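Here is a short note to read beside the model. Please keep the 3D view open as you go.

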Amino acid sequence: MATKTDKPDMPLLRAKVREVLAFAPQRKFTEAMIMDGANRMVPVPADLAAVRLAIEWNLGSGYVDYVYNRDEDRDEWFLTPRGKAKEGIK
Amino acid sequence: MKARSDSKLKTLPEERQEQIIAWAKTPKSETCVGGLAYALEQLAADGIKVSISTLSEFVSWWSLRARYLSADARAKQVEELLKSKDPSMTPERIRELGQALFTMEALDSGDAETFVNLEHLKLKQDSAKFKGSLDLAKYKLDREKFEVESCKRFLSWFKDARAREIADSGLSNADKIARLRETYFADVDKLEAEGGIHLPE
């Protein structure tokens, strides 16, 4: 069982970020949706800072991108074509 | 979508996956251990050996995916509805609304009809807000005009000996104002008396 002192498995968390986005590849996801989804699929829950790092890693790798939603004042994330290819989405 | 190599279960056909979920949801009884343990037993009987953590992760993945698929389907349904009901709506706006509904649905709140109603309500509120902002802008403009006009009058009256005389008199402010009005708006009063102009009450 995971404890509070366990560190999140970052490579796994990065993959889970993409996996969440792949559930609806034509849609955009808020940070909260990604965090909630990813944490349901990892043995050690990650905090927001770790999830942000995982998202940013995917951004840096060209797998995800975002748009700023002015109405809601938040970034919304989605898989890039490269990210979709990585997830095996045609 | 590609299933990960860390899960044998995600690569199984959809019906098999549904069967596993049904096993995992089986309640405990006198004859059945129920839950994940029961699903593990059944999988093992089918020759599929996985750890409880793999099974647990699969169940989470499956329910999460089901939620997002459902949210996506509902959003598409509303997009189609909006397309047919409101041809004036741009594809971009429809996509935005579909996206907003997807987010709402994914967060387990609302349904298509409620969303459409909410959106109409929002449009009405937006219209009211817009009208309010126009009124406010008009008020600000009127006020600015009034202030500029007052300053202009002050500057012109300041040079006027009669105005200064009234201002320097020992009359009360109310009487000074009355005298100034009589002096400078005499022509307006006259026109009004003759029915030439109608001042608001």
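1. Start with a term. A salt bridge is a side-chain nitrogen of Lys or Arg within 4 Å of a carboxyl oxygen of Asp or Glu. B:E79 and A:R27 form one through their side chains, at 2.9 Å from N to O. Between chain B and chain A the count is five salt bridges.

2. A word on the source. This is a predicted model, where local features need pLDDT of at least 70 and side-chain atom pairs count only at pLDDT 80 or more, while totals for chains, interfaces and linings use all residues. Residues are numbered from 1 along each chain as its sequence is written, chains are lettered from A in the order in which they are written, and side-chain values use heavy atoms, without hydrogens and water.

3. Now the interface. Chain B and chain A bury about 2000 Å² between them, and 53% of that is on carbon and sulfur atoms. Buried area is the accessible area (1.4 Å probe) that two parts lose on being put together, summed over both. Chain B gives 23 residues to the contact, and chain A gives 23 residues. Contact means heavy atoms within 4.5 Å.

4. Look inside chain B next. Helix α2 (residues 35–45) of chain B packs against helix α3 (residues 52–85) of chain B at about 110 degrees, with axes 10 Å apart. α2(B) and α3(B) are therefore roughly perpendicular (65 to 115 degrees). B:L36, B:A39, B:L40 and B:L43 of α2(B) meet B:I52, B:L55, B:S56 and B:V59 of α3(B).

Definitions and conventions
Axes fitted to C-alpha atoms, helices over the stretch in contact; angles between N-to-C directions. Helix = DSSP H or I, 4+ residues; strand = E, 2+ residues; numbered from the N terminus. Parallel < 35°, antiparallel > 145°, perpendicular 65-115°, else oblique.
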